[in-house]
Each structure stands twice: as structure tokens, then as C-alpha cells.
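Student: I have a structure open and I'd like to learn how to read it. Could you walk me through some of its features?

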Amino acid sequence: MNDKDIIQLFFERSQQAITELSQKYGRFCFHIALNILKCNEDAEECENDTYLKTWYSIPPDDPMCLRAYVSRIVRNLALSKYRYNHRQMRDSHLQVYLSELQDCIPAPQDVEASADDTVNNAIQAFLSTQNATARALFIQRYFYMESITVLSKKFGLKESNISTKLNRIRLKLKKYLEKEGVML
């Protein structure tokens with residue numbers, strides 16, 4: 001079943017919508033949550049919560065891309081669950097991803113305090129100027145939280161090449177954000 005048909009089922013309030021969503025994007029959602037949480041039970045919980053949140057948000061939302069819509073929901077749920085689970089721990093695997101980006105994006109409190117999506121829009125605009133490989137690497141690493149090892153296998157490159165490419169993308173992003181006047 002295609003995405004438009006699934007969205008239509010949500011608008012009709014048919015419970016078949018959740019079944020179809022699960023069949024089409026269940027493994028995808030689980031994978032995103034598992035990359036962040038590193039726990040099967042928590043990832044399953046986030047996957048199921050994604051179906052519920054999608055049920056309550058469509059309608060009124062009418063997403064143009066269902067895959068992107070549910071990936072954002074599951075990612076946000078997984079990050080919230082991660083913060084809840086690790087609220088007093090300092091050592092975390094997410095710190096690796098965040099530390100890589102700390103020099104090229106504003107501090108989290110600055111982003112959250114900002115009422116508009118200036119940083120988000122600037123990053124999207126930057127990514128649109130990059131080639132398909134660079135975009136895919138950036139999104140897989142910093143949105144889906146894929147490890148360097150997994151990216152190496154997916155792209156058929158050495159881990160050192162992946163690290164170098166990601167470093168170059170981050171440097172370009174920093175220059176782009178500075179040029180756009182985004183405060184770092």
C-alpha cells in the first residue's frame with residue numbers, strides 16, 4: 001500500500017491505517033529507536049508510541065512524506081526516552097554524536113530558546129547544496145544515529161574515509177552557518 005493510501009486510512013479513522021503503517025515502516029521505526037536507545041524493549045515501546053502519536057496527529061496533519069513524518073516522530077520519542085533513562089548519567093553514546101556537531105551548530109539551549117526554525121532551515125538549505133552521498137552520510141549519522149562502522153559497510157568505504165568525509169561536511173556546515181549569520 002502506498003503512503004497516500006495509508007494517510008487516507010488515517011483520515012477515515014480506520015484502524016487498518018496502523019496495521020499498514022506498521023507493515024510498511026515498523027522495522028524502519030524500530031531501527032531508528034534502537035540506534036538511539038540501544039535497548040530492544042525501549043525501541044519497541046517507541047515504535048508502538050509512534051503509531052499512537054501518528055494516529056492522533058493525522059488528521060489534522062497531512063504529511064507530504066509519510067516516511068519522514070514517522071521517522072521524525074520516532075526519533076523525537078526515542079530521544080525523550082533516552083533523556084528520561086539517562087537524566088543523571090554523564091557518560092552516553094549520544095555524547096559522541098553531539099560532540100561532533102558542537103563546533104558547527106548552536107548550543108541546544110540556544111536552539112530551544114529560538115522561536116523560529118532558523119538553524120533547522122539553514123541546515124536543510126546547506127544539505128540541499130551537497131551531493132547525494134554527503135547528504136546521506138550527514139542524515140544517517142546525525143539524524144538516524146548510525147555508527148561509523150555501519151556507515152562504512154553501507155557506503156562501502158573505510159571507516160577512516162567516512163570520518164574524514166563527515167569532518168569535511170561539518171566544516172562546510174560551519175562555514176555555511178556563519179555566512180548565513182546563524183550564531184554559533
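This is a predicted model: local features need pLDDT of at least 70, side-chain atom pairs count only at pLDDT 80 or more; totals for chains, interfaces and linings use all residues.

Tutor: Let's start with a helix pair. Two packed helices are described by the angle between their axes and the distance between the axes. Here, take helix H3 (residues 40-57) and helix H4 (residues 66-85): their axes come within 9 Å and cross at roughly 130 degrees.

Student: Why is H3 called oblique to H4?

Tutor: Look at the angle of roughly 130 degrees. Angles over 145 count as roughly antiparallel and 65 to 115 as roughly perpendicular, with oblique for the rest once the roughly parallel ones are set aside, so H3 is oblique to H4. The crossing of these two helices also has a hand: it is right-handed.

Student: Which residues in H3 and H4 meet?

Tutor: On the H3 side you'll find Asp42, Glu45, Cys46, Glu47, Asp49, Thr50, Lys53, Thr54 and Ser57. Facing them in H4 are Tyr69, Val70, Ile73, Val74, Leu77, Ala78, Lys81 and Asn85. Sorted by class, the residues of this contact are 7 nonpolar, 4 polar and 6 charged.

Student: Can we try another pair?

Tutor: Go to helix H9 (residues 148-155) and helix H10 (residues 159-180), which pack with axes 9 Å apart at an angle of about 100 degrees. That value falls within 65 to 115, and therefore H9 and H10 are roughly perpendicular to each other. H9 brings Ile148, Thr149, Leu151, Ser152 and Phe155 to the contact, while H10 brings Glu159, Ile162, Ser163 and Leu166. This contact has 5 nonpolar, 3 polar and 1 charged residues.

Student: Let's zoom out. How many helices and strands does the protein have?

Tutor: There are 10 helices and 0 strands, so reading from the N terminus you pass α-α-α-α-α-α-α-α-α-α.

Student: What share of the residues is buried?

Tutor: Of 184 residues, 38% count as buried. For contacts, look at how far apart the partners sit in sequence: among those between residues at least 6 apart, 62% join residues at least 24 apart.

Key:
Residues are numbered from 1 along each chain as its sequence is written. Side-chain values use heavy atoms; hydrogens and water are left out. Axes are lines fitted to C-alpha atoms, for helices over the stretch in contact, and angles run from 0 to 180 degrees between N-to-C directions. Helices (H or I, at least four residues) and strands (E, at least two) are DSSP runs, numbered from the N terminus. Angles under 35 degrees count as roughly parallel, over 145 as roughly antiparallel, 65 to 115 as roughly perpendicular and the rest as oblique. A crossing is left-handed if the near helix is turned anticlockwise from the far one by less than a right angle, and right-handed if clockwise. Contact means heavy atoms within 4.5 Å. Ala, Val, Leu, Ile, Met, Phe, Trp, Tyr, Cys and Pro count as nonpolar, Asp, Glu, Lys and Arg as charged, and the others, Gly among them, as polar. Buried means under 20% relative accessible area, exposed over 50%, partly exposed in between (1.4 Å probe, protein chains only).
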